[in-house]
Amino acid sequence: MTTELKDLAKNLSTGAHVTATGVDTRGRKVTRTGHLLADPIVVHARRNGFPTRALRLCIGAPGTDPTDRSTWTTLFTDSGTAEHTPEPEPTTWSNTELRYVPGVRASNHTTRIRYGGKGGARSTGPTQDTPVNVYYTDDGIYALWDPETDTTHGLARLTTKIWWAPAPRPHTDSPNAPTPA
């Protein structure tokens, strides 16, 4: 491992809450915030058509499988950052695109949040406080679904801004889960 990669990895350990900016498996710039699901590993990644040594971080919600490629963030020595960030408090609301909610993936139907309503530049704060599961339905649409009442409180794409806060995880999968269209 090169000295620069050692420096990037030295303070990162499994379970830490981090924000990392690097590239995804397609080489596109990505910023991920969540828990480090596995220890950082050195890999040979392609960059500009050539294999280059890089550091791979697996970042996501606790319990996510680190081999799920959607958690991978690759850092190169001359680009990419990783830093410890505080874990969001359940009382802290965020107004972000759905894509920035930790654990939201088409393959993951267990992400649970407190939904505060639609967000955006003119939105001044949450308009509701409803625990929901974020459930991928189909065609890039995610349902913000309450399994207790079997109610869908909204539909969103990854680019849709919403108010959200972390929520406890009292439920597992439900037989009432929305089905893909």
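D24 and R26 form a salt bridge, with 3.2 Å between their closest N and O atoms. A salt bridge here is a side-chain nitrogen of Lys or Arg within 4 Å of a carboxyl oxygen of Asp or Glu. Buried stands for under 20% relative accessible area, exposed for over 50%, and partly exposed for what lies in between (1.4 Å probe, protein chains only).

The model is predicted, so local features need pLDDT of at least 70 and side-chain atom pairs count only at pLDDT 80 or more, while totals for chains, interfaces and linings use all residues. Residues are numbered from 1 along each chain as its sequence is written, and side-chain values use heavy atoms, with hydrogens and water left out.

**The chain as a whole**

The chain holds one helix and 12 strands. Helices are DSSP runs of H or I with at least four residues, strands are runs of E with at least two, and both are numbered from the N terminus. Of the 181 residues, 40% count as buried.

Contact means heavy atoms within 4.5 Å. Among contacts between residues at least 6 apart in sequence, 57% join residues at least 24 apart. The chain exposes about 10,100 Å², and carbon and sulfur atoms supply 51% of this area. Accessible areas come from the Shrake-Rupley method with a 1.4 Å probe; for residues, only the protein chains shown count as cover.

**Salt bridges**

The chain has four salt bridges by the rule given above.

| Pair | N to O distance |
|---|---|
| D24 and R26 | 3.2 Å |
| R47 and D78 | 2.6 Å |
| E97 and R99 | 2.9 Å |

R47 and D78 meet through their side chains. R47 belongs to strand 3 (residues 41-47), and D78 sits in the loop between strand 5 (72-75) and strand 6 (81-84), so this pair ties together parts that are 31 residues apart in sequence. R47 is partly exposed, with 27% relative accessible area, and D78 is exposed at 59%.

In the pair of E97 and R99, the side chains again meet in a salt bridge. E97 is partly exposed at 22% relative accessible area. R99 is also partly exposed, with a value of 36%.
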